[in-house]
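Biologist: Please walk me through this model, one feature at a time. Give me the general idea, then the case at hand.

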Amino acid sequence: DLVEDDWKEMVKIDLRNRTKGTFLEGCPIIEFAATDNRNLDVIYATVEEILRTTLRSLPARSARLYVDRTFTVAGTGTVVTGTLREGSFAVGQELYHHPSGAKTRIKTLESFYSHLETAPPGIRLAVGLQSLERGHIARGDLLYWPDTLKSSQIVAVKLNVEPKATRHLKNNREILFLHGTSEVEGNLIMPASGQLAGDGATLVALKLAAPVICKIGDRFVLR
């Protein structure tokens, strides 16, 4: 590697300063060289340790997979891909489709070319579906259970806004709500009192053009 030691230390200090106060503060910084795969084993071990220590103490009471691709496979039928955001899927399991509300059933599960009978949360999946035509499901749609998860066009949220971006917080401002793999247009509804949460976040409501299924703690982006 041609990078000098002094320069590497300067880059590390800069990264520490830039991530201070964010969720990345204190994260390990691992040097890597593509020429000889230096420290590749350290990267693998660090990722595995993060996954191992991720809190999953309580079983999810629901499962959600946001669709990013759809296609058809001979002998299987409609297949969708996405990341299983929470909960678990199993072959034969009944699911619901948002926004249609239609029922479907898992025919096959595959992850990185391996066939699965069950799938844990957090992994990439290709899901073969029964009774759901490809033309009836698209990117941004949601596969979920149970059917007690309800959709809404009004969503109350907490916004963490950079100080230089607060000028964009205006009542009835048009926004684009990015959640899962969906993109929904809407308007920002600001409370008259300018309420703040205990952590300093701004409390607002979103009035969306189409219904979405959200849960407390979901992450999203507004544009």
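Modeller: Ground rules come before features. Residues are numbered from 1 along each chain as its sequence is written, and side-chain values use heavy atoms, with hydrogens and water left out. The model is predicted: local features need pLDDT of at least 70, side-chain atom pairs count only at pLDDT 80 or more, and totals for chains, interfaces and linings use all residues.

Biologist: How many helices and strands are there in the protein chain?

Modeller: Helices (H or I, at least four residues) and strands (E, at least two) are DSSP runs, numbered from the N terminus. Here the protein chain has two helices and 14 strands. Its C-alpha trace spans about 60 × 55 × 30 Å along the principal axes.

Biologist: Which strands pair with β1?

Modeller: Two strands pair if DSSP finds at least two bridges between them. In a regular strand the side chains alternate between the two faces of the sheet. Strand β1 (residues 63–73) runs antiparallel to β9 (residues 142–145), and four bridges join them. Within that pairing, Tyr66 stands opposite Leu142. β1 also pairs with β2 (residues 77–86), again antiparallel, over nine bridges. Thr72 has Thr78 of β2 as its bridge partner.

Biologist: How many residues lie between β1 and β2 in the hairpin?

Modeller: Three residues lie between them, and Gly75 in the turn has a positive phi of about 90°.

Biologist: Which residues touch the most other members of the largest nonpolar core?

Modeller: A nonpolar core is a set of buried Ala, Val, Leu, Ile, Met, Phe, Trp, Tyr and Cys residues joined through side-chain atoms within 4.5 Å. Buried means under 20% relative accessible area, exposed over 50%, and partly exposed in between (1.4 Å probe, protein chains only). The largest core has 16 residues, and Leu65, Phe89, Leu125, Val127 and Leu143 touch the most other members. β1, β2, β5 (103–111) and β8 (124–130) are the elements that give two or more residues to this core. A second, separate core of eleven residues includes Val157, Phe177, Val204 and Val212.

Biologist: What is Leu143 in contact with, leaving aside its neighbours within four places in sequence?

Modeller: Contact means heavy atoms within 4.5 Å. Among the partners of Leu143 are Leu65, Val67, Val80, Phe89, Tyr96 and Ile137. Across the chain, residues 24 or more positions apart account for 60% of the contacts with a separation of 6 or more. Of the 223 residues, 29% count as buried.

Biologist: How many aromatic pairs does the structure hold?

Modeller: A pair of aromatic rings is described by the distance of the centres and the angle of the planes. Rings of Phe, Tyr and Trp (its six-membered ring) pair if their centres lie within 6.5 Å; planes under 30 degrees apart count as stacked, over 60 as edge-to-face and the rest as tilted. The structure holds two such pairs. Tyr96 and Tyr144 have ring centres 5.9 Å apart and planes at 35°, so this pair is tilted. Tyr96 sits in β4 (residues 94–98) and Tyr144 in β9, 48 residues apart. Both Tyr96 and Tyr144 are buried.

Biologist: Why does the pair of Phe177 and Phe220 count as tilted?

Modeller: Their ring centres are 5.4 Å apart and their planes stand at 45°, so the pair is tilted. Phe177 lies in β11 (residues 173–179), while Phe220 is in the loop between β13 (202–212) and β14 (221–222), 43 residues apart. Phe177 is buried, with a relative accessible area of 1%. Phe220 counts as partly exposed at 24% relative accessibility.

Biologist: Which peptide bonds are cis?

Modeller: Most residues other than glycine have a negative phi, and most peptide bonds are trans. The bond from His98 to Pro99 is cis, with omega near 25°. Pro99 lies in the loop between β4 and β5. The bond from Trp145 to Pro146 is cis too, with omega near -5°. Pro146 is in the loop between β9 and β10 (152–159).

Biologist: Where is Tyr113 placed, and is Tyr113 buried or exposed?

Modeller: Tyr113 is in the loop between β5 and β6 (114–116). Tyr113 has a positive phi of about 70° although it is not a glycine. Tyr113 is exposed, with a relative accessible area of 75%.
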